[in-house]
Amino acid sequence: IQGHTDNVGAKAANLALSQGRAAAVKDYLVKTHQIGAARLTTAGFGDTKPVGDNATAEGKALNRRVELVKKT
């Protein structure tokens, strides 16, 4: 579970926010859908992997996200 942010704010704060987002999704999946916690890992990437343009409101909104990535 990967957490991401836009580029507004301090790098350290964005990293912590992205880690918190990923952890919150993991907690939700474990509690609500009874997925084993050991099956899920989390990582926060802050603003290092944008998918949208941080110069626009729309791009910033796209960058504030959580992604579920299948481990290989």
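This is a predicted model: local features need pLDDT of at least 70, side-chain atom pairs count only at pLDDT 80 or more; totals for chains, interfaces and linings use all residues.

Reader: Start with the fold. What makes up the protein, and in which order do the elements run?

Author: The protein has two helices and three strands. From the N terminus, the order is β-α-β-α-β. The C-alpha atoms fill a box of roughly 40 × 25 × 20 Å along the principal axes.

Reader: Why is His4 called buried?

Author: Buried means under 20% relative accessible area. His4 has 1%, so His4 counts as buried.

Reader: Where is His4, and what does His4 touch?

Author: His4 is in the loop between strand E1 (2-3) and H1. Leaving out residues up to four places away in sequence, His4 touches Ser18, Arg21, Phe45, Gly46, Lys49, Asn63, Arg64, Arg65 and Glu67. Ala57 is 53 residues from His4 in sequence, and their C-alpha atoms are 16 Å apart.

Reader: Phe45 and Lys49 are both on that list. What makes the charged end of Lys49 sit "over" the ring of Phe45?

Author: The distance part of the test asks for NZ of Lys within 6 Å of the ring centre. The charged end of Lys49 is 4.2 Å from the centre of the Phe45 ring. The test also asks for a position within 35 degrees of the ring normal. The pair is listed as sitting over the ring, so both conditions hold.

Reader: Is Asp47 buried or exposed, and how do you know?

Author: Asp47 has 14% relative accessibility. The limit for buried is under 20%, so Asp47 counts as buried. Asp47 is in the loop between strand E2 (43-44) and helix H2 (57-63). Beyond its neighbours within four places in sequence, Asp47 is in contact with Thr5, Asp6, Asn7, Lys11 and Asn14.

Reader: Lys11 is one of those contacts. Why is Lys11 called exposed?

Author: Exposed means over 50%. Lys11 has 60%, so Lys11 passes. Lys11 lies in helix H1. Lys70 is 59 residues from Lys11 along the chain, with 26 Å between the C-alpha atoms.

Reader: What puts Val25 and Ala23 in the class in between?

Author: Val25 has a relative accessible area of 23%. Ala23 has 37%. Buried needs under 20% and exposed needs over 50%, so Val25 is partly exposed. By those limits Ala23 is partly exposed as well. Val25 lies in helix H1, and the place of Ala23 is in helix H1 too.

Reader: Which residues does Val25 contact beyond its sequence neighbours?

Author: Ile1, Val66 and Leu68, leaving aside neighbours within four places. Val66 is 41 residues from Val25 in sequence, yet their C-alpha atoms are 7.9 Å apart. For Ala23 and Lys70, 47 residues apart along the chain, the C-alpha separation is 16 Å.

Reader: What makes the phi of Gln34 worth a remark?

Author: Most residues other than glycine have a negative phi. Gln34 is not a glycine, and its phi is positive, about 50°. Gln34 lies in the loop between helix H1 (11-33) and E2. At 62% relative accessible area, against a limit of over 50%, Gln34 is exposed.

Reader: How much of the contact count comes from residues 24 or more positions apart?

Author: They account for 62% of the contacts with a separation of 6 or more.

Reader: How many charged side chains are there, and how far apart are the centres of the two sets?

Author: There are 11 positive and 6 negative side chains. The centres of the two sets lie 10 Å apart.

Notes: Residues are numbered from 1 along each chain as its sequence is written. Side-chain values use heavy atoms; hydrogens and water are left out. Helices (H or I, at least four residues) and strands (E, at least two) are DSSP runs, numbered from the N terminus. Contact means heavy atoms within 4.5 Å. Lys and Arg count as positive and Asp and Glu as negative; His and the chain ends are not counted. The place of a charge is taken as NZ of Lys, CZ of Arg, CG of Asp or CD of Glu. Buried means under 20% relative accessible area, exposed over 50%, partly exposed in between (1.4 Å probe, protein chains only).
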